[in-house]
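Please study the sequence and the model below. The explanation that follows begins with a single residue and then turns to the whole chain.

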Amino acid sequence: MKYSEYRIGLAITGSFCTFDKIKGVVKELAEKGAQVIPIFSGSTQTLDNRFTKASDFVEQIEELTGHKGIKTIQEAEPIGPKGFLDVLVIAPCTGNTMAKLCSGITDTPVLMAAKAHLRNEKPLVISLSSNDALGMNFKNIGMLMNMKNIFFVPFGQDNPEKKPNSMIAHVELIPAAIEAALQGKQLQPVILGK
């Protein structure tokens, strides 16, 4: 795949423990020549956490991509009519975001970006990170897997002994999942061990 030919939207939600890994993926995609357009949820933009200060994280992602991030619902809406993304990746995608996506709720920049992008029948790749993926969010994962143009980064349980319902994507497979999704394929196997 010639990454320089693609504009990749990277929508980031508030699974803060994955942020360092996401920065690594952003760097890899940018080094491969992709144009990466960051999209930030409200939580990502404003909530400082034990892993990073929100403003520092946003600044680092914008620096890595060379693009100012999309930070409001109004800024995300033109993704639909302008159709300027080839693929959109939600990484990390929290259980909250998955539940709202299933219900057609567009109350964050990330959800508006997803809705706008899907209207163009282009691939949406989900890199899940949810402490209740095998609990309350299990049905949402199933619903999203059965929706047209939605693909998943392979995922698995991250700590079955202490957090038996928690699942997280293998973020190192985001580039491979993007390549497969651009061909209309789900990267297999979807469920992987640690």
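In this predicted model, Phe57 has a relative accessible area of 1%. Residues under 20% count as buried, and Phe57 is therefore buried.

Phe57 also takes part in one of the two aromatic pairs found in the whole structure. A pair of aromatic rings is described by the distance of the centres and the angle of the planes.

Phe152 is buried at a relative accessible area of 1%, and Phe155 is buried at 2%.

The view may now be widened to the whole chain. Its secondary structure comprises nine helices and seven strands. The radius of gyration is 15 Å, close to the 16 Å given by the globule rule for 194 residues, so the chain is as compact as a globular protein of that length. Of the 194 residues, 48% count as buried. Among contacts between residues at least 6 apart in sequence, 76% join residues at least 24 apart.

Finally, the accessible surface comes to about 9,000 Å², and carbon and sulfur atoms account for 51% of it. The chain carries 21 positive and 19 negative side chains, and the centres of these two sets lie 3 Å apart.

Methods
Residues numbered from 1 in each chain as written. Predicted model: local features only at pLDDT ≥ 70, side-chain atom pairs only at ≥ 80, totals over all residues. Heavy atoms only, no water. Helix = DSSP H or I, 4+ residues; strand = E, 2+ residues; numbered from the N terminus. Rg over C-alpha atoms; globule rule 2.2 N^0.38 Å. Buried < 20%, exposed > 50% of the residue type's maximum accessible area, 1.4 Å probe, protein only. Contact = heavy atoms within 4.5 Å. Areas by Shrake-Rupley, 256 points an atom, 1.4 Å probe, with all protein chains shown as cover. Lys, Arg positive; Asp, Glu negative; His and termini not counted. Charge placed at Lys NZ, Arg CZ, Asp CG, Glu CD. Phe/Tyr/Trp six-rings, centres within 6.5 Å; stacked < 30°, edge-to-face > 60°.
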